[in-house]
Amino acid sequence: MKFTIILILILSLLFIDSSINCEENTEGKNANYKISSNLTPQEVKDLLNIHNKIRADVGVEPLKWSSKIADYAQEWANYLAKTGCKMEHRSTLRQNKKNYGENLFMGTAGHYGVFDAVKSWEEEKKDYKGETLNNSNWYVSGHYTQIVWKATKELGCSKTLCNGKIIVVCNYDPPGNYLGQKAY
């Protein structure tokens, strides 16, 4: 167990360099994506692909990766780690100055990864049937509805380690989850 955590820490440090570029093929076009969070190029591809598959399942256009939003997500992941791994949304602390949508995940490092974070949010699909969001259905499906929110166009995510756990933060622009509206 200690070996796994040490290995994860070493691998994470290898990918902190903000100048890493990732080739991503979306909509038939090649684009370079600057990775400025603690994500590996493969994790960026996985995050973008799983988000876009979930969106395609309900007929919503694919998201594009934003390194600017990933930087913003990394700031929050680092803050959560520095404050003892307490899971709080920026909006709860009135620190969401960019007004991005936000999904958070925490799980045992080495057992869970960024893909697992998105899959856990997707599980909320069973609680959302395409209806208008209200106080009762938003609470149980809010991570999922943020992923599939039709108006959202860009995604940026990050990860960090904290006390043997992985924290994943994904931010969305523009945000979703407006009560009185449908996700798609």
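**Notes on strands, salt bridges and a buried helix face**

1. The side chains of E102 and R90 form a salt bridge, at 3.8 Å from N to O. E102 belongs to strand β4, while R90 sits in the loop between α3 (67-82) and β4, so the pair ties together parts twelve residues apart in sequence. A salt bridge here is a side-chain nitrogen of Lys or Arg within 4 Å of a carboxyl oxygen of Asp or Glu. Helices (H or I, at least four residues) and strands (E, at least two) are DSSP runs, numbered from the N terminus.

2. A word on the source. This is a predicted model, in which local features need pLDDT of at least 70 and side-chain atom pairs count only at pLDDT 80 or more, while totals for chains, interfaces and linings use all residues. Residues are numbered from 1 along each chain as its sequence is written, and side-chain values use heavy atoms, with hydrogens and water left out.

3. Now check burial for that pair. Buried means under 20% relative accessible area, exposed means over 50%, and partly exposed lies in between (1.4 Å probe, protein chains only). E102 counts as buried, at 12% relative accessibility. R90 is buried too, with a relative accessible area of 5%.

4. The salt-bridge count comes to five. One of them joins D57 and K53, whose side chains meet at 3.0 Å, N to O. D57 is partly exposed, at 42% relative accessibility. K53 is partly exposed as well, at 45%.

5. Another salt bridge links the side chains of K119 and E122, at 2.7 Å from N to O. Both residues lie in helix α4 (residues 114-122), three residues apart, or about one turn of the helix. An α-helix has 3.6 residues a turn, so residues three or four places apart point the same way. K119 is partly exposed, at 32% relative accessibility. E122 is buried, with a relative accessible area of 15%.

6. Look at the rest of α4. Its buried residues are V114, A117, V118, W121 and E122. They span an arc of only 135 degrees around the axis, which puts them on the same side of α4. That arc is taken from the directions from the helix axis to the C-beta atoms. The cover over these buried residues includes α2 (41-56), β4, α5 (135-148), β5 and β6. Contact means heavy atoms within 4.5 Å.

7. Strand β6 (residues 165-173) deserves attention. Seven of its nine residues are buried, so β6 is largely enclosed by the rest of the structure. Two strands pair if DSSP finds at least two bridges between them. Strand β4 (residues 101-108) pairs with β6 in the antiparallel sense over eight bridges. There, E102 stands opposite N171 in β6.

8. Strand β5 (residues 154-162) also pairs with β6 in the antiparallel sense, over nine bridges. T160 stands opposite I167 in β6. The hairpin of β5 and β6 has two residues between the strands, and N163 takes a positive phi near 50 degrees in it.

9. Finish with S158, in strand β5. S158 is buried, with a relative accessible area of 0%. A polar atom of the S158 side chain lies 3.0 Å from the backbone oxygen of A73. Leaving aside neighbours within four places in sequence, S158 is in contact with S37, L39, A70, A73, Q74, A77, I167, V168 and V169.

Note on methods:
A polar contact is a pair of N or O atoms within 3.5 Å; within protein, one must be able to donate a hydrogen and the other to accept it, and residues adjacent in sequence count only if both atoms are side-chain atoms.
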